[in-house]
Amino acid sequence: MKSSKFFFVAAAFVLLALWPLMAGQYGVDLVTKIMVFAIFALSLELLVGSTGLVCFGQAAFFGIGAYATVLLTPQDGAPSLLWLLPACVLAAALYALLVGALSLRTKGVYFIMVTLAFAQMAYYVVHDTPLGGGTDGIYLMAKPVVLGTLLDLDKPMAFYGFTLACLTAVFGFLTLLLRSRFGRALAGIRVNEQRMRATGFSTYPYKLAAFVISGGMAGLAGFLFAVKDGFVNPELISWHLSGEVLIMIILGGLGHLRGALIGAFAFALLQEFFKSEAIFGEFAKHWHLGLGLSIIACVALLPRGLVGVPEQVITRLRGRSGRVRDDSVVEVSHESV
Amino acid sequence: MDLTTFLIQCLNALQYGLLLFLVASGLTLIFGIMGVINLAHGSFYMIGAYMAYALAPIVGGTFSGGFFATLAVGLVLAVLLGYVLEWAFFSFLYERDHLQQVLMTYGLILVFEELRSLLVGDDVHGVQAPDFLAGTLPLGELMTYPVYRLFISGVCLVLALAMYFVFTRTRLGMMIRAGSANREMVQSLGIDIKFLYRVVFAAGVAIAVFAGMIAAPVSSVYPGMGNTVLIICFVVVVIGGIGSIRGALLAALLIGVVDTFGKVLLPQASGVLVYVLMALILLVKPDGLFKAG
């Protein structure tokens, strides 16, 4: 099973690298957007899937990364990527430090709500003050450049490559992180925080570190989003977006990094499918209906997300002996709230 | 702020707070008793408001003309809706974890919003209060106050008291409280817990729909109104302590005051104030003001 996972991830990244050769402009643009959301989903997976902290305010860090990109870009001339990117990631990570330090005092449903509350605060700050340009949002003056004009992020292909590089880096970093001692500690916290404390771990700093890393990654996704669209608005911090990214990782399957990847693609493709006028004609503007119904169907039929589908099929084929596997899932599953 | 404004804002805060309590009580009941996080609860409020707009012409001409008929028909439909929803969707969610509940009820939000869009469109509508509740009433020498807002406060207060009575003094309330504490034990005592849950859920839906209907003339009817209410109701439930009706009442009134006076005194920051309040309370009491049993 282990080698098949590796094969899947490697194949996915090879396919992403080859995609611009096969697809037209629309396809490249769509997959760029999905990869940005995949980074965003991975950032949340670190909290929800790996640490068991259900954060309902992840869009705040995404939005702050995006707003920082636009606000830090000078009026005259393009900024260098080399300082703009770290600055935006840092801005998001700093807000995550503040939010995490306070909200990690609470647990369960309360934690969900406090993170949501902090995201709403950020939302109202950009929505109601002159800083964020109100409901209309603000435009990006100039796209950042790398080492002179070596990499022109204004070109779709160059931006595609840059986004893919970021996604690969984030995925690789998280893979290593979760295998490290730190990652093991997070897994321990997810399964049983009480027991971790009893064995002498002070769990708070671990959770806070995970929160800050996750916030920074969401900030990176926000940066990419702002550069891609050249435009930010308060929607980027809205609780709908926090909900959507949560749905991506649940849809994909919690507890697996590739679940976040699969979820981001599945969610975006579902969206595109139901939005398509070629298929649904006039009805396409009611695409939320189809999306909503398919989400409900997924919950009903795929309790372990899309990642769990192969195993579910195997279980079904094996018949009764599969029951044993089902029990083992209960043991591993964490107290998510 | 002079005395008259202050008193009027106090009454506004009371009205808003009581209405919030009504919606939030269903949310906290369904969470406290069945352990289900229902994101679609705000949609029931929206459905109520749209009933006041779209159902009234069918039932009694206008909302103001056929007021009681519309309320009655709306309530019956709401109970039916709650019963069917519980049977079709929510009864499967009791055993699932909270994340899956969030996911499925988020799907329901999308479905309700789009059905609303398909059936009655995306326009903003105003709804007229009934004639006998229109106009203003002089209160003392200082001020006059809209009768309809007083009516809302009165109805909410009566419902809150009725709910309190049902919970603490009746056999049904006793079964519900017992059911929330230990499902298996109640079942083995011969009580049909499935039916009990269905009744509680239908009641929660009906209360939210009712709140939406009576709020329509004050708040107007617009797409997405359910989500706005939902988030504020979550704040109410969390500040009050999950599952606690008493806590929900206190928290709703508190938020009514903070929101209403915030809009007058600090219009720039009014959106943030409620969340600042929540963060402060949770920092001092991480489990809310009244943690239920």
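## Model confidence

In this predicted model, chain A has a mean pLDDT of 86, and 93% of its residues reach 70 or more. Residues 322-337 of chain A are an exception to that level, with a pLDDT below 50. Beyond near neighbours in sequence, this stretch has 18 contacts in the model. Where pLDDT is low, the predicted coordinates should not be read in detail.

## Annotated transmembrane regions

For chain A, an unreviewed UniProt entry lists "transmembrane region" at residues 81-102, 109-126, 157-178, 204-225 and 245-269.

For chain B, UniProt (unreviewed entry) gives the feature "transmembrane region" at residues 16-40, 52-85, 147-167, 195-216, 228-257 and 264-284. The span 147-167 of chain B is modelled as 100% helix and 0% strand, and its end C-alpha atoms lie 30 Å apart. The span 264-284 of chain B is 81% helix and 0% strand, with its end C-alpha atoms separated by 27 Å.

Ala122(A) belongs to helix H5 of chain A, which covers residues 108-128. Its relative accessibility is 9%, and Ala122(A) therefore counts as buried, the limit being under 20%. Leaving out residues up to four places away in sequence, Ala122(A) touches Ala60(A), Tyr95(A) and Ile237(A). Of these, Ala60(A) is 62 residues from Ala122(A) along the chain, yet their C-alpha atoms are separated by 6.4 Å.

Ala68(A) is found in helix H3 of chain A and is also buried, at 10% relative accessibility. Leu21(A), in turn, is 47 residues from Ala68(A) in sequence and 33 Å from it in space, C-alpha to C-alpha.

## Cysteines

A disulfide is a covalent bond between the sulfur atoms of two cysteines. The count of disulfides over all chains is zero. Cys88(A), for example, is in no disulfide: the nearest cysteine sulfur belongs to Cys166(A) and is 12 Å away. Because a disulfide requires sulfur atoms within 2.5 Å, that distance rules out the pair. Cys88(A) is buried, with a relative accessible area of 0%. Cys298(A) is buried as well, at 18%.

## Aromatic pairs

A pair of aromatic rings is described by the distance of the centres and the angle of the planes. The model holds 27 aromatic pairs over all chains. One of them joins Phe40(A) and Phe62(A), whose ring centres are 4.4 Å apart; because the planes meet at 20°, the pair is stacked. Phe40(A) lies in helix H2 (residues 25-51) of chain A and Phe62(A) in helix H3 (residues 58-72), so the pair ties together parts that are 22 residues apart in sequence. Both partners are buried: Phe40(A) has a relative accessible area of 0%, and Phe62(A) is at 0% relative accessibility.

In chain B, Tyr148(B) and Phe151(B) form a tilted pair, with 5.6 Å from centre to centre and 35° between the planes. Both residues lie in helix H6 (residues 147-169) of chain B, three residues apart, about one turn of the helix. Tyr148(B) is buried, with a relative accessible area of 5%. Ring pairs link Tyr148(B) and Phe151(B) with Phe67(B), Phe68(B) and Phe132(B) into a cluster.

## Charges over rings

In chain A, the charged end of Lys275(A) sits over the ring of Trp287(A), at 4.7 Å from the ring centre. In chain B, Arg198(B) lies over the face of Tyr83(B), 5.8 Å from the centre of the ring.

## A residue with positive phi

Most residues other than glycine have a negative phi, and most peptide bonds are trans. Ser220(B) is not a glycine, yet it has a positive phi of about 60°. This serine, Ser220(B), is placed in the loop between helix H9 (193-219) and helix H10 (225-240) of chain B. With a relative accessible area of 24%, Ser220(B) is partly exposed.

How values were computed
Residues are numbered from 1 along each chain as its sequence is written. Chains are lettered from A and ligands numbered from 1 in the order in which they are written. This is a predicted model: local features need pLDDT of at least 70, side-chain atom pairs count only at pLDDT 80 or more; totals for chains, interfaces and linings use all residues. Side-chain values use heavy atoms; hydrogens and water are left out. Helices (H or I, at least four residues) and strands (E, at least two) are DSSP runs, numbered from the N terminus. Buried means under 20% relative accessible area, exposed over 50%, partly exposed in between (1.4 Å probe, protein chains only). Contact means heavy atoms within 4.5 Å. Rings of Phe, Tyr and Trp (its six-membered ring) pair if their centres lie within 6.5 Å; planes under 30 degrees apart count as stacked, over 60 as edge-to-face and the rest as tilted. A charge sits over a ring if NZ of Lys or CZ of Arg is within 6 Å of the ring centre and within 35 degrees of the ring normal. UniProt positions are given in the numbering used here, feature names are shortened, and annotations may be inferred rather than shown by experiment. pLDDT is the predictor's confidence in each residue, from 0 to 100.
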